[in-house]
Amino acid sequence: MKETGLTKRETQIMNVLWKSDQPLSAFDILTASPDLSRNTIQIVLKKLQTIGFIEVAGFGYHKNALTRTFRPIISQTEYMGESLARSTSLEITKSFIKSLDDCQTLNDLDTLIQEKRKELGC
């Protein structure tokens with residue numbers, strides 16, 4: 001997958017796909033986001049496929065026409081994680097840890113850190 005930030009329209013369409021439990025057609029996306037035009041949806045879906053964010057999941061019917069359905073390849077969490085710079089992620093993590101008042105969560109984080117240290121040989 002190519003590292004890229006999504007445009008406003010790409011984000012809008014990805015949010016529709018991320019919220020759905022099943023693959024969606026361009027018509028389904030239009031129904032969920034009526035402020036988008038059919039042409040915009042088609043163009044954005046093609047670009048999202050090209051950059052590796054979605055894939056064709058199968059085919060369905062709308063009226064008498066055969067339509068492709070799409071599903072995300074990358075989760076919203078994965079996208080957000082990749083979008084944040086390392087320094088930003090570090091600052092968010094530090095802030096999160098400082099705000100914790102739950103020993104169990106701190107223990108869980110400590111366990112993850114120890115496992116990662118072993119993996120890296122630190």
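The buried residues of α1 are E10, Q12, I13, M14, V16, L17 and W18; buried means under 20% relative accessible area, exposed over 50%, and partly exposed in between, with a 1.4 Å probe and protein chains only. Helices (H or I, at least four residues) and strands (E, at least two) are DSSP runs, numbered from the N terminus. This is a predicted model, in which local features need pLDDT of at least 70 and side-chain atom pairs count only at pLDDT 80 or more, while totals for chains, interfaces and linings use all residues. Residues are numbered from 1 along each chain as its sequence is written, and side-chain values use heavy atoms, with hydrogens and water left out.

Helix α1 covers residues 8-19, and its 12 residues should span 16 Å at 1.5 Å a residue; the expected span is 1.5 Å times one less than the number of residues. The end C-alpha atoms of α1 are 17 Å apart, which agrees.

The buried residues of α1 pack against α2, α3, β1 (54-62), β2 (65-72) and α4 (76-83), where contact means heavy atoms within 4.5 Å. Two of the buried residues of α1, Q12 and V16, are in contact with S33, leaving aside the neighbours of S33 within four places in sequence. S33 lies in the loop between α2 (26-32) and α3 (38-50), and it counts as buried because its relative accessibility is 6%.

Strand β2, one of the elements that α1 packs against, holds T69. T69 is buried, with a relative accessible area of 12%. Beyond its neighbours within four places in sequence, T69 is in contact with P23, L24, S25, E55, V56, A57, G58, F59 and G60.

Other residues mark out the rest of the chain. T50 lies in helix α3 and counts as exposed, at 66% relative accessibility. R117 is in helix α6 (residues 103-120) and is partly exposed, with a relative accessible area of 42%. From R117 to R9 the C-alpha distance is 40 Å, at 108 residues apart in sequence. K98 sits in helix α5 (residues 86-99) and is exposed, with a relative accessible area of 71%. K98 and I29, 69 residues apart in sequence, are 41 Å apart from C-alpha to C-alpha.

As for the whole chain, its secondary structure comes to 6 helices and 2 strands, in the order α-α-α-β-β-α-α-α along the sequence. The radius of gyration is 19 Å, whereas a compact globule of 122 residues would have one near 14 Å; the radius is taken over C-alpha atoms, and the globule rule is 2.2 Å times the number of residues to the power 0.38. Along the principal axes, the C-alpha atoms fill a box of roughly 60 × 30 × 25 Å. Of the 122 residues, 24% count as buried. Among contacts between residues at least 6 apart in sequence, 47% join residues at least 24 apart.
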